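Hello,

Here is the structure I promised to pass on to you. Have a look at it first, and then read my notes below.

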Amino acid sequence: NFCQFEGATIIMKKQLEQLSAYQPGLSPRALKEAYGIEEELYKLASNENLYGPSPKAKEAITNHLDELYYYPETGSPLLREAISQHLGVDASRILFGAGLDEVILMISRAVLTPGDKIVTSEATFGQYYHNAIVESAHVVQVPLKNGGFDLEGILNEVDDDTSLVWLCNPNNPTGTYFNHDELKGFLERVPSHVPVLIDEAYFEFVTADDYPDTLKLQETFDNAFLLRTFSKAYGLAGLRGGYVVATNEAIEKWNIIRPPFNVTRLSEYAAVAALEDQDYLKEITAKNAKERAKFYQIPQSKHFLPSQTNFVFVQTNKSKELYEALLKVGCITRPFPTGVRITVGFPEQNNKMIDVLQHFEF
């Protein structure tokens, strides 16, 4: 189960040969050089909140710069209490990571053993797969149905060997979602001993009235675990802060895996301040909803998957051509084999992209 590289003494897990390190897209500078572009480029490839965080979060960072030589308080107690009050859940049920990437890593490392099985969807957040393979687990990826999670198909794959089920809602990169009744029906039928991880990274951008109330469902289903982040709508992607709400028993065990100082002091202070400024959050998400709606007002929107996020997934077998057409008007997007994911930006950027889409030959 291990591999040894010629000329090296280090022995590593053999399954690492199936994986590669995360490869971000080219920087604006590199893209300008590669394509000979002179105008300013806008990075609309990573679903960041271009409006940035609350001014109160920036102020909190500035006010605590003199504390940089201190280690963080382990477990992020200030932020844990703030989230506890905000969500109305006991603080002992919350665990923080350096972004949801680390939360997913901690859960996978704590739960999965060689030969275990995880079930999720194809075309979803890649870290579920990545961390399962690192732990020598088997991954079942159920095909999308109408561009979204096929909960029935996922349920059919759950068996005695299943250790984790990962659901991304709304889904990245498609932007689609499943509603409250669908999730409730799924939880009613999945075996109660199988943890169901519900990744709601884009929760704050949702406008659908029937979106799941996962916190309410947790009152009935002990195996339903909720993940959220400060990287998207709260605009703190550069500081890395995500969390999971689970049972006391699960948090106690996962906390053993957590590095003692994983969330920085500035990240904690900024997240607390951002959470307190709900007026700013509402302002930003309202702007996103208004701009997102523009994409669906053109005839070409028949090629777009319906989105509840801050991005739009355009389905096309000409993803490279569309990516380059958008790049020519200064917008860096994210190409996939089946289409292009476009982060909703400022009005002027969105108008440029919509004009390209209106003239693109699908």
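Predicted model: local features only at pLDDT ≥ 70, side-chain atom pairs only at ≥ 80, totals over all residues.

A word on terms before the findings: a residue counts as buried when its relative accessible area is under 20%, as exposed when over 50%, and as partly exposed in between, using a 1.4 Å probe and protein chains only.

Residues are numbered from 1 along each chain as its sequence is written, and side-chain values use heavy atoms, with hydrogens and water left out.

On to the overall fold. The chain holds 13 helices and 14 strands (DSSP runs, numbered from the N terminus: H or I of at least four residues for helices, E of at least two for strands). Its C-alpha atoms fill a box of roughly 55 × 55 × 50 Å along the principal axes. Of the contacts (heavy atoms within 4.5 Å) with a separation of 6 or more, 70% join residues 24 or more positions apart.

Now the inside. A nonpolar core here is a set of buried Ala, Val, Leu, Ile, Met, Phe, Trp, Tyr and Cys residues joined through side-chain atoms within 4.5 Å. The largest has 74 residues, and Leu167, Phe186, Val244 and Trp254 have the most contacts inside it. Apart from that core lies another, of 17 residues, including Ile298 and Cys331.

Best wishes
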